[in-house]
Amino acid sequence: MYNLSQSVTWKKLEQLALTSKNERIADAFAADANRFDDMSLRLGGLFLDYSKNLVSSQTLELLFQLVEHSPLRQRRAQMFSGDIVNVTEMRPVLHTALRNRGEEPVIVNGEDVMPEIRASLEKLKGFSEQVRQGKWLGYTGKPIRDIVNIGIGGSDLGPNMVCRALLQQRHEKLRIHFVSNVDGLHISKVLNSLNPETTLFIVSTKTFSTQETLLNAKSAKNWFLESAAEQDVAKHFVAVSTNQAAAVEFGIAAENIFEFWAWVGGRYSLWSSIGLPIALSIGYQGFIELLEGAYEMDQHFLNAPLEQNMPVIMALIGIWYINFHGAETQAIIPYDQALHQLPAFLQQLDMESNGKSVNVEGEPIDYATGPIVWGQTGSNGQHAFFQLLHQGTRFVPIDFIASLKTQEKTDEHHFALLTNMLAQANAFMNGDQSEGEQNHASCPGNRPSNVLLLDELNPRNLGALIALYEHKVFVQGAIWNINSFDQWGVQLGKKLATEISGEINKKSTNYDASTQGLMKLVREHVKAS
Ligand code: F6P
């Protein structure tokens with residue numbers, strides 16, 4: 001029986017948190033000249049400096065013991081091999097197979113899925129190259145110039161973040177737009193700037209049942225049909241979905257449907273055909289490099305010893321803060337404007353995976369799990385919320401992320417950016433109490449951070465970075481013994497939205513006074529569809 005919080009190691013970690021609470025990170029550097037070298041790791045174009053953390057070799061030793069008592073090793077082997085890891089939906093979890101660059105088969109229900117994965121990549125290659133070369137023509141014979149991805153959650157955040165991160169490598173004649181919110185402003189703002197003759201829509205939805213995406217897709221189709229005819233839809237609408245029947249019923253030509261599989265979680269799906277906008281933007285070769293970077297991280301995660309394992313180290317330091325220092329949030333601060341959408345992507349990846357309060361057996365758990373992930377680019381954060389981080393009452397671990405080489409021409413800006421990040425990481429650690437602890441300017445310091453440096457922001461390194469965080473989330477979920485791959489919590493809201501929209505004009509009394517009162521206000525101001 002795996003009872004995490006009753007384990008001897010857990011108790012030792014609780015004790016260590018108490019006895020070490022007055023220790024300072026800065027003192028650890030003074031005591032150990034090798035701390036930086038001993039607490040940093042390199043994998044390909046990624047460098048992790050985790051030395052500015054409230055951890056000692058004793059802390060790490062106990063955290064590694066926690067791993068040995070946990071189902072991590074077994075669950076990692078199960079995930080990569082295609083076993084049922086998502087136990088509440090009875091599915092394998094195989095985003096790793098999507099980027100498997102090796103020759104070994106991956107078996108699902110007795111069949112090797114690698115041939116169909118390779119076939120879907122070939123389809124992605126053929127289509128993206130046709131569009132990029134101007135050979136996919138619209139209903140008036142013109143090449144595509146604007147692409148609109150319509151999707152939400154994992155059908156938006158991943159491809160959106162990657163396309164923005166690699167904007168410097170985009171096709172100079174193609175513009176990629178992302179529409180996700182059901183708020184009509186989101187799609188109307190995009191459509192108003194487009195020409196239906198040269199616009200391609202990608203309806204991205206794993207289930208093809210998400211209300212927001214279906215309404216946005218319907219509005220896009222209605223907009224298109226103001227200028228074109230039904231038979232022209234096939235030239236301007238494609239779909240990425242596991243639900244081919246629903247896509248065909250919507251009016252997407254069967255040959256324009258890019259399929260993927262139920263064993264790919266939405267928030268883990270950018271490596272599948274959900275990544276079509278990425279291949280259209282940076283080219284198929286760039287998309288393959290993204291996969292290769294993730295594959296390299298997969299192999300590292302599978303084979304590196306715990307003490308040298310980047311995802312494991314980041315996961316364990318996070319657990320040390322969440323379960324033994326009361327950290328409720330994790331800040332993600334990319335000092336890289338191109339990564340301004342990374343915090344939003346990591347929010348879904350982490351919070352939809354580990355925002356759970358029962359274990360895989362459905363039993364309530366008595367320890368904290370997934371943190372609230374939030375963030376903003378640096379140096380902007382310095383002028384928004386760093387005050388709280390420096391002098392507030394809360395304990396907020398920070399991940400700083402930056403690229404050593406800039407894609408821009410202006411080194412002066414890049415130099416200022418990186419020196420600001422180094423200064424902040426140092427200030428959080430050392431603080432400043434030179435004017436005395438009671439002084440208003442006093443910064444207590446001893447506030448931990450990781451620094452992740454990419455040699456440069458290219459598809460390979462970005463792929464590795466994303467896979468790093470995917471596996472960090474996986475490790476934490478395995479140690480917490482939760483299912484990181486379902487999302488039952490979001491189904492209730494979806495169900496109630498459908499119910500309320502149906503009841504709103506019936507002056508229903510099935511709801512509390514607040515909901516009824518608000519429904520009345522909406523009824524008076526908004527015409528139901
Ligand atoms: O948020 C719930 C969720 O199911 C996510 O897991 C998913 O990424 C998103 O909605 C969109 O789902 P779909 O791709 O099926 O439209």
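The following legends describe close-up views of a predicted model.

**View 1. Surroundings of the ligand.** The ligand is surrounded by 14 residues, the closest being Gly154, Ser155, Thr207, Thr210 and Glu352. A polar backbone atom of glycine 154 lies 2.7 Å from an oxygen atom of the ligand. The protein buries 89% of the 390 Å² that the ligand exposes when taken alone.

**View 2. Aspartate 156, a buried acidic residue without a salt bridge.** Aspartate 156 belongs to the loop between β7 (146–150) and α8 (157–165). The nearest side chain of opposite charge is that of arginine 164, 8.0 Å away. Beyond its neighbours within four places in sequence, aspartate 156 contacts Asn149, Gly151, Phe178 and Ser180.

**View 3. Salt bridge between lysine 142 and glutamate 197.** The N to O distance is 3.0 Å. Lysine 142 is in the loop between α7 (114–132) and β7, and glutamate 197 in the loop between α9 (184–191) and β9 (199–204), 55 residues apart. Lysine 142 counts as partly exposed because its relative accessibility is 36%, whereas glutamate 197, at 19%, counts as buried.

**View 4. Salt bridge between aspartate 486 and lysine 356.** The two side chains meet at 2.8 Å, N to O. Aspartate 486 lies in the loop between α19 (459–479) and α20 and lysine 356 in the loop between α16 and β13 (372–375), so the pair ties together parts 130 residues apart in sequence. Both residues are buried.

Key:
Residues numbered from 1 in each chain as written. Predicted model: local features only at pLDDT ≥ 70, side-chain atom pairs only at ≥ 80, totals over all residues. Heavy atoms only, no water. Helix = DSSP H or I, 4+ residues; strand = E, 2+ residues; numbered from the N terminus. Buried < 20%, exposed > 50% of the residue type's maximum accessible area, 1.4 Å probe, protein only. Lys, Arg positive; Asp, Glu negative; His and termini not counted. Salt bridge = Lys/Arg side-chain N within 4 Å of Asp/Glu carboxyl O. Contact = heavy atoms within 4.5 Å. Near = heavy atom within 4 Å. Polar contact = N/O pair within 3.5 Å; in protein donor to acceptor, adjacent residues only side chain to side chain. Areas by Shrake-Rupley, 256 points an atom, 1.4 Å probe, with all protein chains shown as cover.
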